[in-house]
Amino acid sequence: MLTPGLLLQDLEAKQREWEAAQREQGVRTGGLDVTDQGPAESGDLIQELDGENFWESIRAAEGLVVVDFFTKNCGPCKQMYPRLVEMARELKGDGVVFRKMECRASNKAIGKALKVRVAPTFVLFRGGERVGFMTGAHADELLELIRFKL
């Protein structure tokens, strides 16, 4: 029989589980449970960065670098990803490089330094310096910003 005490214990356990997941992800997801962008495929045009290789990769890249800051539980991030892959293919010849970075606790310092507050956020770099910034899942606006920064 389900008693109020057992129900409360179950709810408290679920709350602790949800809070632990939040801390791991480094973002508040509102409890959404959706799939992520998936592992990088062989030959994926958009390399995933982490806290250890982020700045090295940004400084080493030639041309314009577009970094997609995303979360696994972000619907708009997932909607944008196929468009980003298309842009990466289209703009590769123009020297534009696309990267992605999952917003999580281990990468929080980088996100904070770049003022990333929502997902998706796109930060553009040239020569290791930030040259552009955009938030939201607006593919046409992002493409316009990229072309303006070429």
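A disulfide is a pair of cysteine sulfur atoms within 2.5 Å. This predicted model has one disulfide by that rule. The bond joins Cys74 to Cys77. The chain has 150 residues, and 37% of them count as buried.

**Disulfide**
- The sulfur atoms of Cys74 and Cys77 lie 2.4 Å apart, and the cut-off is 2.5 Å, so the pair counts as a disulfide.
- The torsion about the S-S bond of Cys74 and Cys77 is about 80 degrees, so this disulfide is right-handed.
- Both partners, Cys74 and Cys77, are buried.

**Cys103**
- Cys103 takes part in no disulfide.
- For Cys103, the nearest cysteine sulfur belongs to Cys77, at 7.5 Å.
- Cys103 has a relative accessible area of 15%. Buried means under 20%, so Cys103 is buried.

**Secondary structure**
- The chain holds five helices and five strands.
- Their order along the sequence is α-β-α-β-α-β-α-β-β-α.

**Contacts and surface**
- Take the contacts in the chain with a separation of 6 or more: 71% of them involve residues 24 or more positions apart.
- The accessible surface of the chain is about 9,200 Å².
- Carbon and sulfur atoms account for 51% of that surface.

Notes:
Residues numbered from 1 in each chain as written. Predicted model: local features only at pLDDT ≥ 70, side-chain atom pairs only at ≥ 80, totals over all residues. Heavy atoms only, no water. Helix = DSSP H or I, 4+ residues; strand = E, 2+ residues; numbered from the N terminus. Buried < 20%, exposed > 50% of the residue type's maximum accessible area, 1.4 Å probe, protein only. Contact = heavy atoms within 4.5 Å. Areas by Shrake-Rupley, 256 points an atom, 1.4 Å probe, with all protein chains shown as cover.
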